[in-house]
Amino acid sequence: MNAVIAELWPYLVLVMVGFLPNEIWRALGLVLARGLNEDSQMVVLARALATAILAGVIAKLILFSSGALANIPLAVRVTAAVCGFLAFLAVKRTVFAGVVVGEAVLLAGGYFLLH
Amino acid sequence: MSGPITYASSAAAFRAGVKSAVTSVFFLVISGTYVGVGALAHGYGFAPWWLALSTVLVWAAPAQVILISALGGGAPLIEAAIAVTLSAIRLLPMVVALLPLLRGKGTWLRDLVLPTHFTAISMWVESLRLLPAIAHERRVPFCNGLAAGYMFAATGSGFIGYYLAAELPPLLAGALLFLTPMSFLMSTARNARMMIDRLAFGFGLMIGPVLAYWHVGLDLMWTGVIGGSLAYAVNRLRGVAT
């Protein structure tokens, strides 16, 4: 019995600590979205809130990096992001071009500064 | 202007969704991100199937990174749960903005349960871009196909990262982690065609790091509330002025 519990415990933790605290916000969105149509002011505002949060997440990932990315200096990360964005604008707003240029600048800058 | 894109059946719409997932830049980005998450899970000693299940159930890379590093680092369960739930607040406005796009005349609430669970940054960004061109009655299966394609990439890449872990040199591992902010930066900018979205995007980029630098609690929630409301207000005032 105890062996079964020990085996299943990580999965129970996953559901209680990972799945439920995350899913509750989606479920709440499902309830709140009832009756709203795509042009309603609430939906326009919700999109603006979500876009601003997403932009905040992006800026934090670049400026306050964690893990292996934190070993690459801040100046290199910011330069790479700016170059990538300029490439994105230059090549008719192509996401792929921006990502490739940004990554290339990051790798080159990281290589020269760390070697 | 041509009419909306339609498909012969729901299954055809689902397949079209999978196809657009596989051919989008996010397919590479999600693969790269989850190779990183897989490596992290390996580092903290989680089982590979636990990681796969967390990808399917949680389906949000930031929450999974928080969960794995908090539990692996020995944080109390309640603290890990609070950190996860704070990171997930952004899902609420995303779902509220997405579901009205999916709802047609014959759409039941139960049809929206799966797209609600599938809502995550990549799927949200691509759905907002692609769905308006698709016939209303085929949007739900298309959206499910799109998300299923991404989830398949994420789960598979999690396994790859798990077994690749520690083999990757630090610079390449850093470049892999850089994929996520770069692709989100550009794809969100591409999607922001209306003035209010561009304003919200710009305000968020500025306010987010400032609040984080000052260690303001719930910084991302405040970034959304301040940046989003400011954008909404400026947009309303401009509308009145012209």
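View 1. Val82(A) is partly exposed, with a relative accessible area of 46% (buried is under 20%, exposed over 50%, partly exposed in between; 1.4 Å probe, protein chains only). The model is a predicted one: local features need pLDDT of at least 70, side-chain atom pairs count only at pLDDT 80 or more, and totals for chains, interfaces and linings use all residues. Residues are numbered from 1 along each chain as its sequence is written, chains are lettered from A in the order in which they are written, and side-chain values use heavy atoms, without hydrogens and water. Val82(A) lies in helix α3 of chain A (helices are DSSP runs of H or I, at least four residues, numbered from the N terminus). It belongs to a nonpolar surface patch whose members include Leu63(A), Phe64(A), Tyr213(B) and Trp214(B), and which has about 960 Å² of accessible area together. Patch residues have over 30% relative accessible area and no salt bridge, and nonpolar side chains (Val, Leu, Ile, Met, Phe, Trp, Tyr) are joined within 5 Å. At least two patch residues come from each of α3 (74-90) of chain A and α11 (195-213) of chain B; α3(A) gives the most, with 5 residues.

**View 2. The Arg47(A)–Asp197(B) salt bridge.** Arg47(A) and Asp197(B) form a salt bridge at 3.1 Å, N to O (a side-chain nitrogen of Lys or Arg within 4 Å of a carboxyl oxygen of Asp or Glu). The pair crosses between chains, from helix α2 of chain A to helix α11 of chain B. Arg47(A) is buried at 15% relative accessibility, and Asp197(B) is buried at 7%.

**View 3. A salt-bridge network in chain B.** Glu126(B), Arg129(B) and Arg190(B) are linked in a network of salt bridges. The closest N and O atoms of Arg129(B) and Glu126(B) are 3.0 Å apart. These two residues are separated by about one helical turn because they stand 3 residues apart in helix α8 of chain B. For Arg190(B) and Glu126(B) the closest N and O atoms are 3.4 Å apart; this pair links distant parts of the chain, helix α10 and helix α8, 64 residues apart. Glu126(B) is buried, at 1% relative accessible area, whereas Arg129(B) is partly exposed at 29% and Arg190(B) is partly exposed at 21%. Over all chains the count comes to 4 salt bridges.

Technical notes:
Patch = residues over 30% accessible without salt bridge, like charges linked within 9 Å, V, L, I, M, F, W, Y side chains within 5 Å. Areas by Shrake-Rupley, 256 points an atom, 1.4 Å probe, with all protein chains shown as cover.
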